[in-house]
Amino acid sequence: MTLSPDLDRRFREAAAAEGLLDVSYDLADSPLGPLLVARTQRGVCRISFDPEPARAEEELARAFGARLLRVPRAVDDVRRELEEYFEGERRGFEVTVDLRLARDFSRRVLEQLALVPYGRTTTYGTLATQAGRPRAARAVGTVMNRNPIPIVLPCHRVVGSTGALVGYGGGLERKRQLLALEGAL
Amino acid sequence: MMESLSMSAPPPFERFYADHREAVFAYLTRLVGPGPAEDAFQETFLRALRAYGGLRHAEHLRAWVFTIATRVAADEHRRRRAGWHSADVPDIETVDERPGYEDLSELTRPLPPKERAAVVLRYGYDFDYEQIGAALGSSPEAARQAASSGVRRLRRKEDRP
């Protein structure tokens with residue numbers, strides 16, 4: 001007698017529906033390769049390129065709590081918005097984000113980042129100024145590189161003062177693809 | 001090996017669930033039958049999930065979830081007022097790759113010897129009370145009482161983890 005996929009799915013969905021989970025996640029297909037999408041009760045807390053689920057589970061459980069389960073349905077809304085975005089039909093995300101782990105300067109930078117519009121770019125220096133530390137462009141780079149929720153928080157729209165792409169946590173090629181998708185290249 | 005685990009936090013629930021779901025489902029199927037096992041399975045892991053955030057260490061997780069499953073099966077039995085499906089042949093291989101005794105022997109250490117043996121034989125090796133009675137040199141009824149009094153004692157301990 002083995003466990004049926006249907007019963008397994010029903011348990012996972014019941015766990016999410018009863019609000020018993022600290023984190024739920026699933027993988028989502030995208031033109032940039034598979035993405036790992038995780039959410040808490042508050043909102044999306046992680047999007048990762050080149051996902052390694054076992055490692056991500058450990059890391060997310062340490063950060064948000066051990067009650068973590070893979071529940072495809074729990075991230076369906078995020079998956080849908082991402083699909084629409086990649087099809088060019090969506091210019092902004094409606095899902096909420098959970099930034100509880102970002103503090104102080106990082107938090108302010110990510111909040112400013114969230115305001116950068118679709119199809120536009122800004123610079124590390126501008127974000128630094130907006131976050132209240134005009135000379136902290138390099139620190140902004142670090143915050144971008146560790147952005148826990150890329151795509152939704154559009155760190156791909158942040159470039160150097162000369163317009164050079166500079167860097168991207170998911171690799172420069174993906175930054176180029178995202179900016180091309182948005183018509184910003 | 002248990003010593004090295006003693007300070008580690010419980011793994012992500014996903015891993016705990018993946019490690020034990022098949023064994024728990026097989027166990028419940030034999031305790032309550034294939035149909036009711038589905039609800040009992042869901043209830044077992046929902047109860048485990050509700051308590052999971054309060055766990056302080058990663059020890060005895062298999063024995064812990066089997067204890068929950070046992071309790072869920074007992075509740076199910078009480079609801080249905082029907083007999084438990086007794087296993088015809090003890091077949092621990094279908095429940096787990098290694099004897100449940102390994103986990104249960106730790107969990108049941110505080111019990112008086114006769115209760116401990118009854119609990120381990122019943123839930124670790126899936127003996128029926130006839131067999132347990134024979135093993136302990138007592139009646140099946142005495143074996144049943146020893147096992148249930150052992151489980152009650154463990155429940156009282158587990159209620160304050």
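Tutor: Let's start with a definition: a residue is buried under 20% relative accessible area, exposed over 50% and partly exposed in between, using a 1.4 Å probe and protein chains only. This is a predicted model, where local features need pLDDT of at least 70, side-chain atom pairs count only at pLDDT 80 or more, and totals for chains, interfaces and linings use all residues. Residues are numbered from 1 along each chain as its sequence is written, chains are lettered from A and ligands numbered from 1 in the order in which they are written, and side-chain values use heavy atoms, leaving out hydrogens and water.

Student: Why is Arg39(A) called buried?

Tutor: Its relative accessibility is 16%, and the limit for buried is under 20%, so Arg39(A) counts as buried.

Student: And what makes Arg39(A) and Asp77(A) a salt bridge?

Tutor: The term asks for a side-chain nitrogen of Lys or Arg within 4 Å of a carboxyl oxygen of Asp or Glu. In this pair the closest N and O atoms are 3.0 Å apart, so Arg39(A) and Asp77(A) qualify. The two sit in distant parts of the chain, 38 residues apart: Arg39(A) is in strand E2 (residues 35–39) of chain A and Asp77(A) in helix H3 of chain A. Helices and strands here are DSSP runs, numbered from the N terminus (H or I, at least four residues, for helices; E, at least two, for strands).

Student: How do you know that the salt bridge of Asp8(A) with Arg21(B) joins two chains?

Tutor: First the distance: the closest N and O atoms of Asp8(A) and Arg21(B) are 3.1 Å apart. Asp8(A) belongs to helix H1 (residues 5–17) of chain A and Arg21(B) to helix H2 (residues 13–32) of chain B, so two chains are joined. Asp8(A) is buried at 14%, while Arg21(B) is partly exposed at 21%.

Student: How many salt bridges are there over all chains?

Tutor: The count is 29. Some are linked in a network, which holds Asp6(A), Arg9(A), Arg10(A), Glu13(A), Arg73(A) and Glu38(B). Another bridge, at 3.0 Å from N to O, pairs Glu173(A) with Arg176(A). Those two are three residues apart in helix H7 (residues 172–181) of chain A, about one turn of the helix.

Student: Why is the pair of Phe16(B) and Trp64(B) called tilted?

Tutor: Rings of Phe, Tyr and Trp (its six-membered ring) pair if their centres lie within 6.5 Å; planes under 30 degrees apart are stacked, over 60 edge-to-face, and the rest tilted. The structure holds 19 such pairs over all chains. For Phe16(B) and Trp64(B) the centres are 5.8 Å apart and the planes at 50°, so the pair is tilted. Phe16(B) lies in helix H2 and Trp64(B) in helix H4 of chain B, so the pair ties together parts that are 48 residues apart in sequence. Tyr52(B) and Trp64(B) are tilted too, with centres 6.4 Å apart and planes at 40°.

Student: How do you know that Tyr52(B) and Trp64(B) are buried?

Tutor: Tyr52(B) has a relative accessible area of 1% and Trp64(B) has 10%, so each passes the limit of under 20%.

Student: Which residues have the most contacts inside the largest nonpolar core?

Tutor: They are Phe11(A), Phe13(B), Phe16(B), Phe41(B) and Phe45(B), in a core of 45 residues. The largest share, ten residues, comes from H2(B). A nonpolar core is a set of buried Ala, Val, Leu, Ile, Met, Phe, Trp, Tyr and Cys residues joined through side-chain atoms within 4.5 Å.
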